[in-house]
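Q: I am new to this structure and would like to go through some of its details. Could we look at it together?
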Amino acid sequence: DLTAEMLASGSWENASFKKYNFAAAGKPIESGYFHPLLKVRTEIRQIFFEMGFEEMPTNRFVESGFWNFDALFQPQQHPARDLHDTFYVSSPAEALTLPEDYVEKVKAVHEVGGYGSIGYRYKWALAEAKKNLLRTHTTAVSSRMLKAVAEEPVFRPRKFFSIDRVFRNEDMDQTHLCEFHQIEGMVIDRNLCLGDMIGLCANFFEKIGITQLKFKPAYNPYTEPSMEIFGFHPGLGKWVEIGHSGIFRPEML
């Protein structure tokens with residue numbers, strides 16, 4: 001083989017070389033690898049498909065406060081709606097349209113309650129609901145899908161999932177970023193119970209290699225009961241929070 005040393009010394013002029021085969025195949029170039037985040041996302045999507053879920057459209061990075069918070073029975077005074085937790089959009093600052101009939105139902109539930117609830121007992125403001133923001137969770141996608149399913153002429157059991165970016169006004173450190181991916185799934189059917197949800201979560205996490213789980217009671221404005229999910233990490237030797245779960249409250253359905 002011709003080397004840099006031979007070129008530098010001039011010894012190549014008296015060396016014998018085999019004929020170059022221009023028809024020979026070159027060494028295959030390795031390329032086209034998945035980004036680690038895209039690889040994980042692809043694997044999770046496949047698991048959901050195997051479990052019979054449908055994927056929800058997640059192309060609305062900018063969402064109104066109505067779908068991100070109000071439709072989820074999250075009060076307008078909730079700390080998550082403050083500037084230090086949520087990125088608000090300056091232009092356009094407000095949503096152009098909201099479904100008027102649904103807005104009135106959401107307003108009534110917030111102000112006076114319904115479906116066994118007394119509501120939050122405050123003056124609900126449309127201007128607050130119309131504010132545009134970068135969605136803080138993919139449950140904003142779920143709230144739109146729930147309304148769409150409710151408007152179908154015939155009820156049928158459904159299972160949906162979404163995987164996409166969400167945005168939080170966080171102080172960035174080793175465990176917090178201003179932008180991250182959220183995985184969400186929901187099952188729509190009659191006569192479901194907490195045991196169904198625990199079994200579904202256990203089945204999902206088993207498919208990604210997490211078999212030791214703990215469920216801890218928690219609070220969430222739009223689910224009751226609500227639970228935090230912890231998985232045991234053998235490498236760290238401790239329990240790590242890996243998710244949240246719950247059954248949607250009647251007030252938001």
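Q: To begin with, is tryptophan 239 buried, exposed or partly exposed?
A: Tryptophan 239 is partly exposed, because its relative accessible area is 31%, which lies between the limits of 20% and 50%. Please note that the model is predicted.

Q: How confident is the prediction, then, and where is confidence lowest?
A: The chain has a mean pLDDT of 91, and 100% of its residues reach 70 or more. Confidence is lowest in helix α1 (residues 4-9), at a mean of 90, and highest in strand β1 (residues 54-55), at 96.

Q: How many aromatic pairs are there in the whole structure?
A: A search finds 14 aromatic pairs. One of them joins tyrosine 222 and phenylalanine 248; this pair is tilted, at 6.5 Å centre to centre and 35° between the planes.

Q: Which parts does that pair tie together?
A: Tyrosine 222 is in the loop between β6 (213-220) and β7 (223-233), while phenylalanine 248 belongs to strand β8 (residues 238-248), so the pair connects parts 26 residues apart in sequence. Both tyrosine 222 and phenylalanine 248 are buried.

Q: Why does the pair of phenylalanine 232 and tryptophan 239 count as edge-to-face?
A: Their planes are at 65°, and an angle over 60 degrees counts as edge-to-face. The ring centres lie 5.4 Å apart.

Q: A change of topic: where is serine 117 found?
A: Serine 117 is in the loop between α4 (100-111) and α5 (126-129). Its relative accessibility is 16%, so serine 117 counts as buried.

Q: What lies 2.9 Å from a polar atom of its side chain?
A: That is the backbone nitrogen of glycine 119.

Methods: Residues numbered from 1 in each chain as written. Predicted model: local features only at pLDDT ≥ 70, side-chain atom pairs only at ≥ 80, totals over all residues. Heavy atoms only, no water. Helix = DSSP H or I, 4+ residues; strand = E, 2+ residues; numbered from the N terminus. Buried < 20%, exposed > 50% of the residue type's maximum accessible area, 1.4 Å probe, protein only. Polar contact = N/O pair within 3.5 Å; in protein donor to acceptor, adjacent residues only side chain to side chain. pLDDT = per-residue confidence, 0-100. Phe/Tyr/Trp six-rings, centres within 6.5 Å; stacked < 30°, edge-to-face > 60°.
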